[in-house]
Structure formats: structure tokens, C-alpha cells
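Colleague: Could we go through the helix packing in this entry?

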Amino acid sequence: MAWTTTQDPETFEAAAGAFLRTRPVRHTVLLSVVSSLRSLGADADAYGARAPEFGWWRPGGEAPVGAAFVWTPPRTALLTPMPDEAADALVETMVAERSGIPGVKAGHAVAEAVSGAWQRRHGGTVTCVQRLRLHRLDQLIEPSPAPPGTARPPTAADRDLLLAWSAAFATEIGGTPPDGARAVDDRIAGGRCLLWESGGRPVSMACHTAPLAGSARIAPVYTPPELRGRGYAGAVTAAFSRSVRARGTREVLLFTDLANPTSNALYRRLGYRPVEDQVVLEFGRE
């Protein structure tokens, strides 16, 4: 019962890609991060100076892969569901390889199992810094009343605006900008961004990840602070959700921060329903 690790996304895809695609809804973030690294390159400025790390776990011998992780420093590691023995073995692998993983993002049970194993090995503290909820679109409910304006795809002239809004969104949620210019260019070229325009100017945006294994995730959705409370975010999210599903994507997903009651209520009104709660835990040493 051992973990195998690599810094090569192609090797990881060959070993664990099929496993991730067996549960594309719950594995949505790992699937999209690996896809981005494979298309943009592991040196993409979206993921920092240190090379990403990947790992997969087998319960023994030639058994199928039963768990996986993706770590893009300096962020916390993304974990799939896994049994307790895999969680214990993961911590031992981190120690043996001196990985220095600063924390984890996972469902409650997995996060607690890994953090408990980490504390037994190291002591120190575990701090919950974010609680998230994964949602999937059930039946889309159009906003009523709809705000003034209309949805349109961005053009090359909107590139700087999308870069600025992506950076502002990341700052607002307490992270580092999740995309570099290459990622934004890729989204524009792939038709994976939508703007809501009112009064002759863009007032809100929604983007989505590339469809993988029949699922795509809406992220990010952003409206400048001075334009909030007018229904723009709901309108652009609804328009994009309808468009993504019409193109044949079965599962349309998104995450909300449970500390933000406004966004949670908004997406419920649009027809998004809870799938799983996740936590982001950070490890501290004594």
C-alpha cells in the first residue's frame, strides 16, 4: 500500500487519469488543474516557481488506483477521497520526500484523516482557513426579474479587463491570482468566458473550466464592488450555465465559500444543489 509521486503531469495522467474520470464531479478540481498544467505547461505562471507534484495510491500490487493528490506550490494539496490507510501513508510519503506540503483541500473526512496523521507525526497546529461547498446544476432557474443588459463573449479588446478582474477576484478570496495571461488567452480563444454588458460596458464576468469527462466548473464569477447588488452576477452565471449545458456538458458545477451567504443564496435560486462540503486546512509546526 504505497504512494507513487512524480512531477510530470503526463506520467500522472497515464497512471491516475482514468481513476479521476470515474468520478468527474467530486474530482473536478484535480481534473481541471491537471488539464491546465498539461496544456499550458507545468511552468505556467499560474502555479508559482516550484514545480507541481502529483501522486497516486494503490491498495497493493497491481490493484487499481484508489486515491490521488495534486499539489501546486505554494497552495495546499488537493486530495481525492481516500481510506484512512492511504491518508496515513500519504503523510509518511510527505515526510520521506520532504515535500513540505502546507496543508490540504479535501472533503471533511479525508481532510481530518490526513491532518490527524500529520499531527501524530509532527505535532503542531491545524487551522481551518476556508469552508467550501461544491454544487451541481439541477434545473436552471432563470433570474426574475432579469437585470438590464445582455451577455456577450469577450473579444481581444477585453483582455486587460479580464486579467484585472481575475486578479481582483483572487485578491478578494485571499489567494494569489489563479491565472496568468496565457490562461486568460486560452479561455478567450476557447469560448470559456462570458461578459454581462449593461449601458454599453461590461459589468460582470463568468468563466468556466474546459469540459472534462462530461463536466465543467463555473469559475470565477466576478462583479466589481461598485456594481454589485444589481443582479449582474446571477444573470451572467445563468446565461453561461445554459450555454455550457446546451453544448452537451452533462454536469455544470461551481464552488461557493460557506462564509458568503449572498453567493450561496444566489446559486440556490439559479438551481444549483449541494454535492459535498470541503475544507481547506493549513498545517503549522510547533
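Predicted model: local features only at pLDDT ≥ 70, side-chain atom pairs only at ≥ 80, totals over all residues.

Colleague: At what angle do helix 3 and helix 4 cross?

Modeller: The axes of helix 3 (residues 84–97) and helix 4 (residues 108–122) cross at roughly 45 degrees and come within 8 Å. Helix 3 is therefore oblique to helix 4.

Colleague: And is that crossing of helix 3 and helix 4 left-handed or right-handed?

Modeller: Helix 3 and helix 4 form a right-handed crossing.

Colleague: Which residues in helix 3 and helix 4 meet?

Modeller: Helix 3 contributes Asp 84, Ala 87, Asp 88, Leu 90, Val 91, Glu 92, Met 94 and Val 95. In helix 4, they meet Ala 113, Val 114, Ala 117, Trp 118, Arg 120, Arg 121 and His 122. By class, this contact has 9 nonpolar, 1 polar and 5 charged residues.

Colleague: Moving on, how do helix 5 and helix 6 pack?

Modeller: The angle between helix 5 (residues 159–172) and helix 6 (residues 181–189) is about 120 degrees, and their axes are 10 Å apart. That angle makes helix 5 oblique to helix 6. Helix 5 passes helix 6 in a right-handed crossing.

Colleague: What does helix 5 meet in helix 6?

Modeller: Arg 159, Leu 162, Leu 163 and Ser 166 of helix 5 are in contact with Ala 181, Val 184, Asp 185, Arg 187 and Ile 188 of helix 6.

Colleague: How many residues of each class are in the contact of helix 5 with helix 6?

Modeller: The contact of helix 5 with helix 6 has 5 nonpolar, 1 polar and 3 charged residues.

Conventions:
Residues numbered from 1 in each chain as written. Heavy atoms only, no water. Axes fitted to C-alpha atoms, helices over the stretch in contact; angles between N-to-C directions. Helix = DSSP H or I, 4+ residues; strand = E, 2+ residues; numbered from the N terminus. Parallel < 35°, antiparallel > 145°, perpendicular 65-115°, else oblique. Left-handed = near helix turned anticlockwise from the far one by under 90°. Contact = heavy atoms within 4.5 Å. Nonpolar A, V, L, I, M, F, W, Y, C, P; charged D, E, K, R; others polar.
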